[in-house]
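Visitor: I am new to this structure and would like to be taken through it slowly, one question at a time. Could we begin by looking at it together?

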Amino acid sequence: MSKLLEINNLSVTLPLPGNTLHVVRDVSISLERGQTLGIVGESGSGKSMSALALMRLLPRSAIADATTMQLDGLDLRTLDDRNFTRQIAGPQIGMIFQEPMTSLNPVYTIGRQMTEGAVSRGLLSGKQVERKAIDLLERVGIPDPAGRMSQFPHQLSGGQRQRVMIAMTLMLDPTLLIADEPTTALDVTVQAQILDLLDDLRRERQMGMILISHDLAVVAERSDDVAVMYGGEIIERGDASGVLRAPAHPYTQSLMLAIPHLGMAPGRLGAIPGTVPSLVSPPKGCIFAPRCSYRREDCTTARPQMRDHDGQHSYRCVLETPPTRHAEVIPLRAAGTPVGQDVITATNINQVFETRKALFGAKRQIQALDDVSLSLKRGETLALIGESGSGKSTLARILLGLAQPTSGQVRMLDRPVAELAPQERAAFVQPIFQDPYSSLNPRRRLAEIIARPLQLRGEKDSKVLKQAVGEALDIVRLPQRLLHAYPSQLSGGQRQRVAIARALVTRPAALICDEPTSALDVSVQAQILNLLDDLKAEMGLTCLLITHDMAVVHQIADRVVVMLNGKVVEEGPAQQVLKTPTNDYTRNLLAAAPRFEMTNAEVAS
Amino acid sequence: MTDTQISTTGVEAEMTLLTPRQIFRKRLLSHTGFLIGAGLIATIALIALFAPLLAPHDPYAQTLSARMLPPIWAEGSNPDYLLGTDQNGRDYLSRLIYGTRVSITIGIGAACIGMLIGVTLGVLAGYFGGIVDHAISFLLTAQLALPGLLLAMALVFIIGPSIWVVIGIVGILHWTYYLVVTRSATQRIRSLDFVAAAVASGATPRQVIWHEILPNLFSQIIVIFTFELGIAILAESSLSFLGVGIQPPTPSWGLMIAEGKQAMFYRPWLVVLPGICLFLLVIGANLMGDGLRDITSPEGRNE
Amino acid sequence: MTKNMMRLTSMVSAIALTCMTTPAFADRSNDTLRAAMAEEILNLDYNYTTKREYIILAQLTDATLFDIDPETQQVMPSVATGYEFVDETTLDVTLRDDVQFHDGTLLTAEDVAYTFNWIASGESESNANGVLARWLDNVEVIDGQTVRFHLTSIYPLVLRDLANRIMLRKAGTYTVDGQIDRDAMSSDLIGTGPYRVVSFEPGTELVLERFDGFFGDAPEIQNIVVRNIPDVGTQQAEMMSGGIDWMFKVPLDLAQSLGATPLATHLSGADLRVGFIVLDAAGHTDPDGPLTNVLVRRAINHALNTEEMAQYLIGGSAEAIHTACHPAQFGCDQSSTAYEYNPERARELLAEAGYPDGFPLEFWAYRDKPAAEAVAADLEAVGIDVDLRYVKLESLNQARAARDIPAYFGTWGSGGTADTAAIARIHFSESDRNLSGDAELQDLILSAEQTNDQDERLSIYSEAIGTIADEAYWAPLFSYSANYLTSPDLNFPLDPDGLPRLQNSSWK
Amino acid sequence: MLKYIALRGLLAVLVAFTVSLAAFLLLNVATDPAYAIAGEDATPDVVETIRARYGLNRPLPVRYFDWLGGVLTGDFGESYYWHKPVAELVADRADETLKLAFSAMFVTILIAIPLGALAALNPNSWIDRMALGVAVSAQAVPNFWLGLIMIILFGVMFPILPVSGDDTWRHFVLPAFVLGASSVPAVMRLTRTGLIEVMGADYIRTARAKGFRGWPLLRRHALRNALLPVISVLAVQLGQKFGGSVITESIFAINGLGRLALESILGADIPTVQMLIFVFAIVFVAMNLLADILNAAIDPRIRIG
């Protein structure tokens, strides 16, 4: 019996005005019935494009080409678009996307969207279709499925919408399910449930599944086989445990070291230098060579072949045997920084928003913060953890003085924050934001952006400004030549460094970082987390870190405050809370966080 | 969407060496529509600038005995008057050439006045929100609901017609587009983190508006300016056509169309020629605007 | 040019003739004359209107006590059969006994007395009130066929006013159910004229039908439809497609072009209207302004090429004039000073007056834009920096009332009255139109209305017109020509007083 | 929802009154209606008589509040010019303007939406370029000039359609085209960008993954979403057509509100102008309100909180 899916030498190119993007190059994958193939890669690695090419959902101008593309023995390349959409898309291959919020049509009911695929194909009668839809909604865990049929997508939560998407895809009983980052947009606790659901369904229905994710941990837990993509190529492939426990390719190895692991003692992360390769003119040789620490001369001359590792496992590298890594963990530089007194205290903060949910809706009140009290001590890193909607960002804005609470008081340096002049406040605490694309003024050069807080303080001497900017760039390890660049010329990681440089140019005592790494790829995240560690060690910075990622908390926090629905539910030293949580919600969060079941030793072997 | 992410990654990788201004220039020069529009505008601007050199006659000099001559390609024409003469025996070509001055002056002047009003109100409404926003929105609705023609006629009479009055009136009537766009853009930019960063560094609203917001509105304002240029030119011609705009004997294309209207069945060129001039000028402005919009908007949040 | 024009127009007409969807010829089969007017017709009662269009209509629907012969300017009987001055301020008028209103009732002396007494009374608020109240004390019924006018003073033009301005109404017309209703006749008009109103939609269409009970000569054409078509271009299109048979106030170029085709006939008739520039000699706008200097005013007169303007811009029977009245008017003495076109002389005079480099001049106009522009260009040519303000009539009137106008291009039709009185009084006595500031001239002109001696009037006007010319209070421009386009089937006789009389038309 | 509509209604009235006050002041400062009514050869005593007859010698505030009081009792006054109650006059003329506005909208929809949709579905194709060309040209053509050119073309060269008047539907073809053409660029561009945006939306990708393509995909998934903003714009454009047909109505001699407005303005017929401005303002705000309500009816996100 043939394999469920076999694709050989898939390439996708995207012509742009003036040049061509090689988004996928020479990708071969295969999948058995009932198995899961995980495709991992950072953004721009071509993992989604490969799946879209299979589903014929590429942008109009893109050109896809493959030597083999077989589903269940049927050569998909021979089907015209019309037959493909009738026979394959839907009934044979179903696909779930990343954004449950936008993947359902907002103007039609759930019921209509569930049933239309089957109805338009005339597969089932109206009654039967409805019955089936309700059954499937029930199966994916939607309460009151019959009632949901007449509701609209916006009346459902994100997790529920993703469940509806799954149920909808299953309406036509596909034999292959492609899940493209199905949980990336969801909260951790929901994420685990959805992944479990997908796993169960795959087993029940003996479907093949392709699980695409940027998150190694997600793939590690749920896949039989794994393909690691980088720069449009598969650079390593094999059974999940083999690839993730004993990665062979230098890139995969570096990636593993760049991820903070909940199970291990926190240490310096292995950041990968450089940035992702250009897709316009990929190198002649190994795609990873420019960033590889094992680079040899022959790396750049010709593209290395896929090399078999141990029968189950192959990698694309010139090295005949995979390099070995040292097992030692370099300790964090800032570990053991002394902690002083409270520098920012918030007492009994309440924040109530009045909103109109819809144009014609009644006004309603949202209690964003409910009697929150916390304090930040000099020299410590306090992590504020919670899922979306827990009020953590609102709290950050109040602590920064950007917003006024409905009630309660914030004291900074032992004075009410309202009494501080804006400049005094700015001199003491500075923010770092989540999205490095929106935190820099795109119309200003880096020198202007970084110097701005100083100018606002009234500094006019251009020499002083120039020197301060130069120093700030040094602190964040950015080259001086970027001074006259614009933000659009930088990568995401570089931008986040600029944001940090701007925050530090006035030498504040404290930083409030709102999800500083969640928009970044793991390799870049490692760079930023290491930088924060350096800053703490060098400048004794006090840091309030807002995050949803337990691994990041584990990596750099001294103390943790857990928030749920605007309330603080648990507070304590980081390692204690992570090991022995006392609150059910904290426990749930920890249990849901994906993790590698392995030790440092295993990485090295 | 995943594919757009990929393509921007690619473009970014390629563009990393260029500043936004260089990218802008590069794209401008490869945009056919923009080049055509800019070419038209530049040509007409040059004609306006060098009108005294180009015009074969004084546009005001009348020869009553040589009135209503047809253009050179028609029988009975006089080679002295390439495009014939008007109802007062003035050279039509010269009047068309001098008409560029009127149109361009009024277009630029009115678009500037509209910009001043619209951008100011738009930024204030977008930045401060609340009651300021409500008040300005009310003003907007009232302005939109007020028939512009009436306003124009009334104002022309009160102040007395001159090219400057027409500029002022057309400008005062055309600020809503600026307002709507800058208001929503300001709202969007205001919610971006770099504004929060500036506020956290102690910037006053004034400093935020000047330093953080206005530079980011620049490209959108330029785009609207270009469109408003065309709209203002058309508005002037409509007013002049109805007799409440530019006063005779100043050569305004709208006025010339009105003058030629009576005889349009017999001397259609009197109506057709100034109309073509207007069309070319306005289409030039619109093509430029379209081009600028194409070039500036796909940058999205990065531009 | 003409050759080309001919070809184009014949092409136009050929297409028009073959392709028009509406019948291409006049509606003579229905014996209906369709006239177009640009001004909206809103009120049919001439006692409450002023505009020229209304005079034309009033000729059709109403009759006056007397008629004025357009050729001889003699007073002719109409509703009245005769008159007799009892003394200088008492006038007896005898009436016909067969004058029928459109509703069939006969006109009585009471009706005539009522009409005049009503209009002369302040509460009538009639537009004719000013004309009448000036000289009429009251009207008295003597017997069934005779009424007696008591005048407040000697008034030489009494017969003319009786002939022109007052339309006869049945007694009690303007009082409906005890309430004054000044609009009583505005749409459902009951007059005594040769046509009666069949239907009237204000601003759109007026349908008239020959009134068989009319006391005078019956008009030839059975029906007249007057349509409001505000745009001349549209009127022209309608004329070409045969939708209308008659249009007036046609711009010269249009009249000539369309008249050259077989689709329409161009008629050009005399018009009592004259065009002129009024100069602020009194210095209302600037007490020491250049216009207060007679040399400057003479210079302006010399600067204007009125011959060319009349020939090329007005055309037809238009002629340059040098008097502050129409040459055809009684008392318009042509021997007064004429300033020939001489820009050199104009410049010399300006220099002599102390303005060798000219001066800025705001010049207002409200009609005949090409002529206004031509004037402006001629003045520019002698060095005067003209700011032409071409505005709506009411704007000009308002600004003039506020004494804000230094010079304007005015026209005056004299209400069709071929007597200098009809133009002199309004422009040179107490009126905001009088910018001369000459009190003696004003007394002189008013004195002409205090006598019934025509020779004396003649010499008074002669002196007045001479003074105006010598002092150059005006720069007279040209007389007008009335341009009509008519259906080729229509016979439309023109009268020398320039008033179109549709009732005299007939089919060819 | 009722409360919302009531609030918007109140706003509409407020806007209308603000606008009418502004118009009243401007109009009364700008012109003296007595002169306009009297005409060319009017003598001063005639003007004075007229001024007294219409109460124009009273102070401005008195006249405004007089008018306002009338409006509140449904009496918009009597036209100086037409000697008729203004409300009656406007009601008489509204007919033609409604016909013109709706037929112009019909023309706009007929041209703009299919063109925009075709352009959106074939970006960068010849049809897209043509659509863009149509939009750019239609934007650049002065409306009054287009009207005159149409009259020259159809009045003289191809006399198959009447060029003036409002008697039959044939009379409305040219004016509707000219008036409708002015809205084509905006509506077409909006349809195009809206549809391009929708076709790139995640839920369209979902539908394609479910096996929809071509016309069913467009009809069942894209059109409704893409037309949401278009419907708002159409409503607003329709509102503007009522007041914006001044030029078209006068060029083609259609006896509607636009021409009435122009004539009344030129004739300083203040009561008529006042009511027209009031009506235009109300219509404009009402159309905005209608657009909101339509959107709510189509978009469940607005309808169901």
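Visitor: How many residues of chain C are in contact with chain B?
Guide: This is a predicted model, in which local features need pLDDT of at least 70 and side-chain atom pairs count only at pLDDT 80 or more, while totals for chains, interfaces and linings use all residues. Residues are numbered from 1 along each chain as its sequence is written, and chains are lettered from A and ligands numbered from 1 in the order in which they are written. Two residues are in contact if their C-beta atoms, placed from the backbone, lie within 7 Å. On that basis chain B contributes 24 residues, and the number from chain C is 30.

Visitor: Which class has 16 residues on the side of chain C that touches chain B?
Guide: Ala, Val, Leu, Ile, Met, Phe, Trp, Tyr, Cys and Pro count as nonpolar, Asp, Glu, Lys and Arg as charged, and the others, Gly among them, as polar. On this side of chain C there are seven polar and seven charged residues, and the class with 16 is nonpolar.

Visitor: Which element of chain B gives the largest share of the side that touches chain A?
Guide: Here 30 residues of chain B are in contact with 39 residues of chain A. Helix 1 (2–15), helix 10 (193–200) and helix 11 (205–242) of chain B each supply at least two residues, where helices (H or I, at least four residues) and strands (E, at least two) are DSSP runs numbered from the N terminus. The largest share, nine residues, comes from helix 1 of chain B.

Visitor: What percentage of the residues in chain B is buried?
Guide: Chain B has 13 helices and zero strands. A residue is buried if 20 or more other C-beta atoms lie within 10 Å of its own, exposed if 12 or fewer, and partly exposed in between, with C-beta atoms placed from the backbone. Of the 303 residues in chain B, the buried share is 58%.

Visitor: At roughly what angle do the axes of helix 5 and helix 6 of chain B cross?
Guide: Axes are lines fitted to C-alpha atoms, for helices over the stretch in contact, and angles run from 0 to 180 degrees between N-to-C directions. Residues of helix 5 of chain B, including Leu121(B) and Phe128(B), meet residues of helix 6 of chain B, among them Val132(B) and Ile136(B). The axes of helix 5 (residues 92–128) and helix 6 (residues 130–145) of chain B come within 7 Å, and they cross at roughly 145°.

Visitor: Which residue stands opposite Trp246(C)?
Guide: Strand 13 (residues 246–247) and strand 18 (residues 474–486) of chain C run antiparallel and are joined by two bridges. In strand 18 of chain C, the residue opposite Trp246(C) is Thr486(C).

Visitor: How far apart are the C-alpha centres of domain 1 and domain 3 of chain C?
Guide: Chain C is divided into domain 1 (27–41 + 184–270 + 482–507), domain 2 (66–180) and domain 3 (271–481), with bounds that come from an automatic or database domain assignment. For domain 1 and domain 3 of chain C, the C-alpha centres lie apart by 33 Å.

Key:
Two strands pair if DSSP finds at least two bridges between them.
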